[in-house]
Amino acid sequence: LHLPPMLWSSDAAWGEISRRPPSLIATAFGLALPAAMVPPAILLHATDLGSAHYLPALSASGWQFVELALIAAQLVGFLMVLWLVRAVAGTRGAKASARDAFMLTTVSLLPLWLSSLALIQDEILPVLAIPILAIGASVALLKRGARCVLGIREDIVALELGLVAIQGGVLAWAATMVVLLIPGLPAAPHPAN
């Protein structure tokens with residue numbers, strides 16, 4: 001419920017989080033893991049109901065492979081964002097503890113994880129537009145969180161941290177998907193001539 005105001009206000013919920021940060025275990029198992037399971041679950045649901053709409057030639061075992069690749073790619077993307085938050089903060093004179101960086105990474109990736117809900121419906125425009133909007137929301141969350149939690153006062157530095165970390169995470173996610181899917185997916189059957 002606090003997520004939307006956290007996009008545009010450093011004081012909304014961020015102050016409470018920085019005063020009483022959740023434990024690493026609570027963040028991991030209470031927020032990160034359940035949220036990260038939303039995209040594979042939604043993909044499974046979407047393919048069960050209408051896989052022919054997205055990729056008609058892909059078999060059920062092919063979709064299961066895509067779901068496993070998605071879980072692996074999310075892990076790689078998460079770790080990249082986490083590393084970049086700490087690295088960029090360190091180069092800008094801010095210290096990001098492991099707990100703070102983990103919490104910032106988790107909160108900033110929530111819009112991306114939730115954007116998979118667009119797959120519930122059949123229109124292609126929301127399936128393409130919502131993840132793009134989610135990337136912007138993730139950058140905004142990371143920028144606001146960096147200001148409040150890490151104490152970065154300069155807007156441009158906080159924005160740089162958000163842009164670098166989210167772009168790096170999205171690129172790591174995409175690269176992992178490509179590396180896993182290209183050799184791992186079975187070739188689609190060619191229609192007989």
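This is a predicted model: local features need pLDDT of at least 70, side-chain atom pairs count only at pLDDT 80 or more; totals for chains, interfaces and linings use all residues.
Figure 1. Residues are numbered from 1 along each chain as its sequence is written, and side-chain values use heavy atoms, with hydrogens and water left out. The side chain of glutamate 160 meets that of arginine 92 in a salt bridge, at 2.8 Å from N to O (a salt bridge is a side-chain nitrogen of Lys or Arg within 4 Å of a carboxyl oxygen of Asp or Glu). Because glutamate 160 lies in helix H8 (residues 155-184) and arginine 92 in the loop between H5 and H6, the pair ties together parts that are 68 residues apart in sequence (helices, H or I of at least four residues, and strands, E of at least two, are DSSP runs numbered from the N terminus). Arginine 92, at 43% relative accessibility, is likewise partly exposed.

**Figure 2. The salt bridge between arginine 147 and aspartate 155.** A search of the whole structure finds two salt bridges, one of them joining arginine 147 to aspartate 155 with the closest N and O atoms 2.9 Å apart. Arginine 147 has a relative accessible area of 18% and is therefore buried, whereas aspartate 155 is partly exposed at 42% relative accessibility.

**Figure 3. The edge-to-face pair of phenylalanine 78 and phenylalanine 102****.** The count of aromatic pairs is two (rings of Phe, Tyr and Trp, the last by its six-membered ring, pair if their centres lie within 6.5 Å; planes under 30 degrees apart count as stacked, over 60 as edge-to-face and the rest as tilted). The ring centres of phenylalanine 78 and phenylalanine 102 are 5.2 Å apart and the planes stand at 70°, so this pair is edge-to-face. It links distant parts of the chain, with phenylalanine 78 in helix H5 (residues 60-91) and phenylalanine 102 in helix H6 (residues 98-114), 24 residues apart. Both phenylalanine 78 and phenylalanine 102 are buried.

**Figure 4. The stacked pair of phenylalanine 78 and tryptophan 113****.** With centres 6.3 Å apart and planes at 15°, the rings of phenylalanine 78 and tryptophan 113 are stacked. Phenylalanine 78 in helix H5 and tryptophan 113 in helix H6 are 35 residues apart, so that this pair also links distant parts of the chain. Both phenylalanine 78 and tryptophan 113 are buried. Phe78, Phe102 and Trp113 form one aromatic cluster.

How values were computed: Buried means under 20% relative accessible area, exposed over 50%, partly exposed in between (1.4 Å probe, protein chains only).
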